Amino acid sequence: MDAMDLPPQVLNQLHHVPPDVKKWGQLKLWLQQNNIPQNVRNQLAAIQEKQVQLVLQRRSSMLPQQQPLHVPTKASSYWSVGESNDFPRLLRSFGNDWTAIAAHMSTKTPVMVKNYYVHQKDRDKPEWETIVQEAERKKEKGKSLSGPFLTKPSVEKGSTECFVNYVPDKVQEADLRNALAAFGELSYFHVDRQSKFAMVVYKTPENYQAAAAANPHTVNGETIFVEARCPTTS
């Protein structure tokens, strides 16, 4: 505040101020050395406060406006298989930002997300705490986190999304794709090596049903299972 220029009304009010006093800090020193009535000092303080508020408002208007995170109006307490499988990846992407996770999921509130994390962590998934701690450390160091699927793949009406819940490193992506494609055409296929799962979209429900009925599958000597992903509504 002391570095701000004095507004014209201050200079007009104090006729005896030296011409080299142009900043609030300089005026403060001058006031300490001169006998100025208290009512004048109060008026100067009010002028300075108003000037500070105007500067802050001007700076605020120049900042880019952030879009508010979407929070679902109709949240469901039911956690589908797909949402449960997605959750560790969301923890890696957002850490303990429950609001961001809820906005990404579009079917849960921040409170639901936090409660689910705490319950699962305390019950049988203590490794989730390590995932969150690592994500928060990356945030503190300014490192980028692993991003989730920001957009869902385009899915034709009647198709089915499903997961291979655990894809060992030994399983080759091309071999896994070929094994699943044997049950019908795939409209989307992606293997997340970090989280060790695959997201698959078949063209029709019949394709998925055939793949699920053939569980377990053997690919590159490893056993895998195809699971349904319950669709979410936004």
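The buried residues of helix α7 are W128, I131, V132, A135 and E136, where buried means under 20% relative accessible area, exposed over 50% and partly exposed in between (1.4 Å probe, protein chains only). Seen down the helix axis, these residues fall within an arc of 130 degrees, so they line one face of α7; the arc is that of the directions from the axis to the C-beta atoms. The model is predicted, with local features needing pLDDT of at least 70 and side-chain atom pairs counting only at pLDDT 80 or more, whereas totals for chains, interfaces and linings use all residues. Residues are numbered from 1 along each chain as its sequence is written, and side-chain values use heavy atoms, without hydrogens and water. Helices (H or I, at least four residues) and strands (E, at least two) are DSSP runs numbered from the N terminus.

Among the elements covering the buried residues of α7 are α4 (81–94) and α6 (110–123), contact being heavy atoms within 4.5 Å.

Helix α4 also contributes to a link between distant parts of the chain: R89 in α4 and D192 in strand β2 are 103 residues apart.

Within α7 itself, E134 and R137 lie 3 residues apart, about one turn of the helix, and their side chains form a salt bridge (2.8 Å, N to O). E134 is partly exposed at 35% relative accessibility, as is R137 at 38%.

Conventions: A salt bridge is a side-chain nitrogen of Lys or Arg within 4 Å of a carboxyl oxygen of Asp or Glu.
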